[in-house]
Amino acid sequence: MKDEVRAAIRKMKSGKATGPDSIAVEQIEALEEFGITIITDLLNEIYDTGQIPTDMLKSIFIAIPKKAGATESELHRTISLMSHVTKILLRVVMMRVRNKIGQEIAEKQCGFVERKGTTNAIYMLRALIERALEVQKDVYLCFIDYTKAFDRVRHTEILKQLKQLNVD
């Protein structure tokens, strides 16, 4: 819907590098209502056919060294430059999914609930530790290293869960 595309464009940050199509978000914004109509029509065609144009699937990956002179891949941070039109599509999909599964996410899941970021979790953890020290109780913490987490995501499992939640 046009309102979803308009909201997605509004949330995009200006001054970001373009992807392979060289279309900046500022160019999309400059088209105003005409651009919103064109992108909405494109996204509806993608939704109806299930086919994403190959140009929108391309990304440019750039490895940026974390420290000067880094040679090993672990000492680099990889960024991906993708089409801003693709980012609009992904933002619309993400907003729809969040609307459908929002009630399934517990309030305690900091980082996944709006206005409940990791800063809130750190504050709660610090308060818990301070309280435990006051009453002389032990606190046990378990930290999990999610290195390369996206390489280990079971996408078929995620799709199955989304299907159970009636997310098409």
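**View 1. Helix 1 crossing helix 5.** The axes of helix 1 and helix 5 come within 9 Å of each other and cross at roughly 115°. Axes here are lines fitted to C-alpha atoms, for helices over the stretch in contact, with angles running from 0 to 180 degrees between N-to-C directions. Helix 1 and helix 5 are therefore roughly perpendicular, a label that covers 65 to 115 degrees. Helices are DSSP runs (H or I, at least four residues), numbered from the N terminus. This is a predicted model, in which local features need pLDDT of at least 70 and side-chain atom pairs count only at pLDDT 80 or more, while totals for chains, interfaces and linings use all residues. Residues are numbered from 1 along each chain as its sequence is written, and side-chain values use heavy atoms, with hydrogens and water left out.

**View 2. Residues that join helix 1 to helix 5.** On the helix 1 side you will find Glu4, Val5, Ala7, Ala8, Ile9 and Lys11, which meet Ile88, Arg91, Val92, Met95 and Arg96 of helix 5; contact means heavy atoms within 4.5 Å. Sorted by class, this contact of helix 1 with helix 5 has seven nonpolar, no polar and four charged residues. Ala, Val, Leu, Ile, Met, Phe, Trp, Tyr, Cys and Pro count as nonpolar, Asp, Glu, Lys and Arg as charged, and the others, Gly among them, as polar.

**View 3. Helix 1 against helix 3.** Helix 1 (residues 2–11) and helix 3 (residues 32–49) have axes that come within 9 Å and cross at roughly 115°. Lys2, Val5, Arg6 and Ile9 of helix 1 make the contact with Glu33, Ile36, Thr37, Ile39, Thr40 and Leu43 of helix 3. The tally for helix 1 with helix 3 is five nonpolar, two polar and three charged residues.

**View 4. The buried residues of helix 1.** Look here for Glu4, Val5, Ala7, Ala8 and Ile9, the buried residues of helix 1; buried means under 20% relative accessible area (1.4 Å probe, protein chains only). Their cover includes helix 2, helix 3 and helix 5.

**View 5. Inside the largest nonpolar core.** This core has 17 residues, and those with the most contacts inside it are Val5, Ile9, Ile28, Ile39, Leu43 and Ile88. Such a core is a set of buried Ala, Val, Leu, Ile, Met, Phe, Trp, Tyr and Cys residues joined through side-chain atoms within 4.5 Å. Helix 1, helix 2 (25–30), helix 3 and helix 5 (84–101) each give two or more residues to this core, and helix 5 gives the most, with five. Ile39 touches Val5, Ile9, Ile28 and Ile88, leaving aside residues up to four places away in sequence.

Notes
Buried means under 20% relative accessible area, exposed over 50%, partly exposed in between (1.4 Å probe, protein chains only). Angles under 35 degrees count as roughly parallel, over 145 as roughly antiparallel, 65 to 115 as roughly perpendicular and the rest as oblique.
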